[in-house]
Amino acid sequence: QVQLVESGGGLVQAGGSLRLSCAASGSISSINAMGWYRQAPGKQRDLVAAITSGGSTNYADSVKGRFTISRDNAKNTVYLQMNSLKPEDTAVYYCNAHLRLDPYEYEYWGQGTQVTVSS
């Protein structure tokens, strides 16, 4: 069974840091793009950061300079280092990955992890 398992959310004060992890497991041939999205109450789910299999990254303007996405291909894991957190970063964060299960590619989502930033 293929799944994405997230960890690392929690409660932090403004200005603090958190690191999210997301590990893919199962019969995976390869992993293409991976990313993090977030959804605040009453709002749509938006892209926070993404990284290709080659390491190219893309960030939402609101997190540029504060968040860093990275991946460990040997561990099938993507990370999101979040620094200088603000109350407006409070949301449920979802991992996203495009997994190749030969001969097809599928999009998977993690279960979500809550990040709460207090002022």
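Cys 22 and Cys 95 are joined by a disulfide, with their sulfur atoms 2.1 Å apart; the term stands for a pair of cysteine sulfur atoms within 2.5 Å. By this rule the count comes to 1 disulfide. Cys 22 lies in strand 3 and Cys 95 in strand 9, so the link ties together parts that are 73 residues apart in sequence. Strands here are DSSP runs (E, at least two residues), numbered from the N terminus. The bond is left-handed, with -80° about S-S. Cys 22 is buried at 0% relative accessibility, and Cys 95 is buried with a relative accessible area of 0%; buried means under 20% relative accessible area, using a 1.4 Å probe and protein chains only.

A word on the model: it is predicted, so local features need pLDDT of at least 70 and side-chain atom pairs count only at pLDDT 80 or more, while totals for chains, interfaces and linings use all residues. Residues are numbered from 1 along each chain as its sequence is written, and side-chain values use heavy atoms, without hydrogens and water.

Next, follow Cys 95 to Gly 35. Gly 35 sits in strand 4 (residues 30-39) and is buried, at 2% relative accessible area. Beyond four places in sequence, Gly 35 touches Ala 49, Ala 50, Ile 69, Tyr 94, Cys 95 and Asn 96, where contact means heavy atoms within 4.5 Å.

Finally, look at the largest nonpolar core, which has 31 residues. Such a core is a set of buried Ala, Val, Leu, Ile, Met, Phe, Trp, Tyr and Cys residues joined through side-chain atoms within 4.5 Å. Trp 36, Leu 80, Met 82, Tyr 93 and Leu 99 touch the most other members. Strand 9 gives the most to this core, with 6 residues.

Key
Helix = DSSP H or I, 4+ residues; strand = E, 2+ residues; numbered from the N terminus. Buried < 20%, exposed > 50% of the residue type's maximum accessible area, 1.4 Å probe, protein only.
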